Amino acid sequence: MKRGILCLLTAVLLIVLAFPSSSLALSGNEPTYTYWMQSGDPPKYINSTFAV
């Protein structure tokens, strides 16, 4: 009985480790920063926003 439970827990652990976590995906609540760059002639400013 104990051996069966140990095998089951080991199998579950291996399955969990085999698949990447979905927690790495951006949720939309991350802090962001924006920077402005001068581009073109005549000069105009473009912005880019990145999640930290």
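Reader: What is pLDDT, and what is its mean in the protein?

Author: The term pLDDT denotes the predictor's confidence in each residue, on a scale from 0 to 100. The model shown is predicted. Of the residues of the protein, 77% reach 70 or more. The mean pLDDT is 77.

Reader: In which order do the elements of the protein run from the N terminus?

Author: The protein contains 1 helix and 2 strands. Read from the N terminus on, the order is α-β-β.

Reader: Where in the protein is confidence lowest, and where is it highest?

Author: Strand S2 covers residues 44-51, and confidence is lowest there, at a mean of 75. Where pLDDT is low, the predicted coordinates should not be read in detail. At the other end, the highest mean, 88, belongs to helix H1 (residues 2-18).

Reader: Which residues form the nonpolar patch on the surface?

Author: Together, the members of the patch have about 360 Å² of accessible area. Strand S1 (residues 32-39) supplies the largest share, 3 residues. The patch is formed by Tyr 33, Tyr 35, Met 37 and Ile 46.

Reader: Is Ile 46 buried, partly exposed or exposed?

Author: Ile 46 lies in strand S2. Its relative accessible area is 39%. Buried requires under 20% and exposed over 50%, so Ile 46 is partly exposed.

Note on methods
Residues are numbered from 1 along each chain as its sequence is written. This is a predicted model: local features need pLDDT of at least 70, side-chain atom pairs count only at pLDDT 80 or more; totals for chains, interfaces and linings use all residues. Side-chain values use heavy atoms; hydrogens and water are left out. Patches are made of residues with over 30% relative accessible area and no salt bridge: like charges are joined within 9 Å, nonpolar side chains (Val, Leu, Ile, Met, Phe, Trp, Tyr) within 5 Å. Accessible areas come from the Shrake-Rupley method with a 1.4 Å probe; for residues, only the protein chains shown count as cover. A salt bridge is a side-chain nitrogen of Lys or Arg within 4 Å of a carboxyl oxygen of Asp or Glu. Helices (H or I, at least four residues) and strands (E, at least two) are DSSP runs, numbered from the N terminus. Buried means under 20% relative accessible area, exposed over 50%, partly exposed in between (1.4 Å probe, protein chains only).
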